[in-house]
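Subject: Structure handover

Hello,

Here is the structure for you to look at. Please open it alongside the notes below.

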Amino acid sequence: MKLEKYIACSRAAQKLDKAELVLKNAKIVNVFTDRVEDGNIAITKGMIVGIGDFEGIEEIDLKGQYVTSGFIDAHLHLESTMVNPQVLISQAARHGTTTFIVDPHEAANVAGTVGIDYLLDQTKDSPAHVYFMIASCVPATEIDDSGAILTAKEMEKYIGNRRVLGLGEVMDCFAVINGDPKMNAKLELFDGKVKDGHAPGLTDEQLAAYVMAGITTDHEGSSYHYVMKERSMGMTCHIREGSAARNLERIVKGIVEHNDNTEGFCFCTDDKHIEDIMAEGDINFNVRKAVSMGISPIAAVKMATIQAARCYGLRRTGAVAPGFDADLVVWDSLKDFNAQMVFYNGELINDRLKIRPKPCPPELMNTVHLAEIDPKKLVIKADGKPFPVIGMIPYEILTERKDVVLPSTVVTGEDGTEESIFAPNGEIDKIAVFERHHATGKIGVGAISGFGLKGGAIASSVSHDSHNIIVIGDNDRDILTAVRELERTGGGYTIVENGEVFDTLALPIMGLISDRSYSTVSKKLKKMKNKAYKMGIPKTMDPFISLSFMALPVIPEIRCTPRGIFDVKKWQLL
């Protein structure tokens, strides 16, 4: 802290000068004593200088409302909201999230350091603390086809950046466990800093080896027993509740039933659409839901504040106490957690906050590059033998492998011979992933169950984590139409029904982000989701986010990549 600021804060703390702002008659959640305490909060130069009987140049009477430190989203991808990062930050901040731990690996997988720099620049002047974990796996694995490759050498320029806290989620667990030199160079580069994990489905032995590499967090735990295994090894577990992956209920239910200590837990959204944030909230939604299931309000607040702050070494964030940043939220109750007022650095966030997106570098536009498509590459022969089908799971981004005989039909070839081919029927649809960065012509094709799509196709250029074009449909004509529509728009989401494009949400910035207003994006997305549900998609999944994860070959059990169907557990292409 600079001396001038310290002297001003010290004088206000000693009541030699009036505080710049005093929030009077507050019920303060004290994360150090686990008590709710009555008091006034004195603020000067954006810092809390005291709790007690203070006078302020400006005073706001809170009339007994509850006050906590601003909430922390311990892990998220800004790109997943599909709007300008400033829009996401401002919307989430209005719900009480004032600190964001961002992993930019979506942008990095498309555009390397140019993508990371874009997100750093766009969030520099946001009404919140926005920190970054530098993407560790670009591409996610050696079998991925990404738009960029990020080496330890290229990551060096971020060391020393005050907004960079450490290494982003290390997705390639086996590169870590097997001592891959390239991965080890990244781990060594960030020695002494936080290293985020991504470790679903590891055995006890594999997880122990993974933790020994210095990885201290994970947000991929989807069951109580798995996160407790991680906790037993000292990991901090981020309980995730986003648009597609909703893990909170299963984990919190176990914690409550076993009366476990919540000390090693935080909350995160990971991937959450803007319209979901507007409708249900951000981290306050996680806190509200956890409290409704039996977690004490103070324990839930600590998970959303001081515990996440300590996890990432943010020593002035996470508490309502002298010396902490005046990032404060006034709540209606410790049950509903509806934000009444939000302060960032001691200033009230205005509902009419203006969003001023900065220009997008031209190299981040027009990033969809497809080779000429041969429709024959979409054909799957049905020989009557079991085929490895991707089984989608409600409320999860995990999948299960189902070896089943595919539904089929007989077609006559150009030479007059007949053959049996896979005929999607709505119960089992066709999935395909088209490489879109370097026009290699790679197309991986498979079968998927649980999506339920009938009468068309749904495609997306948001396709974790390499962000090729992924599509599910029940006929090849609509699949090809959907892919060509995204080639035309430079990426996005599209729905095709009976040979016609129903609607498209264009995402021209890296094929990940819209250049339109959030209200336009939200309105169009709502319309497209409703259409997807009418076409058979179950409401236990988000049509687009759930689709986007079906290409990610680091989450069990089975995925579709541009190189074909990949068994994550066996770590082999099928």
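The notes below go from the whole chain to salt bridges, a helix and surface patches.

**Overall**

Please keep in mind that this is a predicted model. The chain holds 16 helices and 29 strands. Its radius of gyration is 25 Å, close to the 25 Å that the globule rule gives for 574 residues, so the chain is as compact as a globular protein of that length. The C-alpha trace spans about 95 × 50 × 45 Å along its principal axes. Of the 574 residues, 60% are buried.

**Salt bridges**

The whole structure has 34 salt bridges.

- Lysine 302 pairs with aspartate 34, with 2.9 Å between the closest N and O atoms. The two residues are 268 residues apart, so distant parts of the chain are linked: lysine 302 sits in helix α12 (residues 297–304), and aspartate 34 in the loop between β1 (19–30) and β2 (35–44). Lysine 302 has a relative accessible area of 19%, and it counts as buried because the limit is under 20%. Aspartate 34 is partly exposed at 41%.
- Aspartate 121 pairs with lysine 358, and here the closest N and O atoms are 3.6 Å apart. Aspartate 121 belongs to helix α3 (residues 105–122) and lysine 358 to the loop between β16 (347–348) and β17 (387–392), so the bridge ties together parts that are 237 residues apart in sequence. Aspartate 121 is partly exposed, with 30% relative accessibility. Lysine 358 is also partly exposed, with a relative accessible area of 22%.
- Lysine 442 pairs with aspartate 145, the closest N and O atoms lying 2.7 Å apart. Lysine 442 is in the loop between β21 (428–434) and β22 (443–449), and aspartate 145 is in the loop between β8 (129–134) and α4 (152–155), so this pair ties together parts that are 297 residues apart in sequence. Lysine 442 is partly exposed, at 29% relative accessible area. Aspartate 145 is buried, at 9%.

There is also a network of salt bridges. Glu241, Arg246, Lys272, Glu280 and Lys289 are linked in it.

**Helix α11**

One member of that network, Lys289, is also a buried residue of α11. Helix α11 covers residues 283–292, and eight of its ten residues are buried, so the helix is largely enclosed by the rest of the structure. Besides Lys289, the buried residues are Ile283, Asn284, Phe285, Asn286, Val287, Ala290 and Val291. Just after α11 comes glycine 294, which takes a positive phi of about 120°.

**Surface patches**

- Negative: Asp53, Glu55, Glu59 and Asp61 gather in a patch of negative charge. Aspartate 61 is part of strand β4 (residues 56–61). This aspartate 61 is partly exposed, with a relative accessible area of 41%.
- Nonpolar: Met1, Leu3, Tyr6 and Ile7 make a nonpolar surface patch of about 430 Å². Isoleucine 7 is placed in helix α1 (residues 3–13). At 42% relative accessibility, isoleucine 7 is partly exposed.

Best wishes

Conventions: Residues are numbered from 1 along each chain as its sequence is written. This is a predicted model: local features need pLDDT of at least 70, side-chain atom pairs count only at pLDDT 80 or more; totals for chains, interfaces and linings use all residues. Side-chain values use heavy atoms; hydrogens and water are left out. Patches are made of residues with over 30% relative accessible area and no salt bridge: like charges are joined within 9 Å, nonpolar side chains (Val, Leu, Ile, Met, Phe, Trp, Tyr) within 5 Å. Accessible areas come from the Shrake-Rupley method with a 1.4 Å probe; for residues, only the protein chains shown count as cover. A salt bridge is a side-chain nitrogen of Lys or Arg within 4 Å of a carboxyl oxygen of Asp or Glu. Lys and Arg count as positive and Asp and Glu as negative; His and the chain ends are not counted. The place of a charge is taken as NZ of Lys, CZ of Arg, CG of Asp or CD of Glu. Helices (H or I, at least four residues) and strands (E, at least two) are DSSP runs, numbered from the N terminus. Buried means under 20% relative accessible area, exposed over 50%, partly exposed in between (1.4 Å probe, protein chains only). The radius of gyration is taken over C-alpha atoms; the globule rule is 2.2 Å times the number of residues to the power 0.38.
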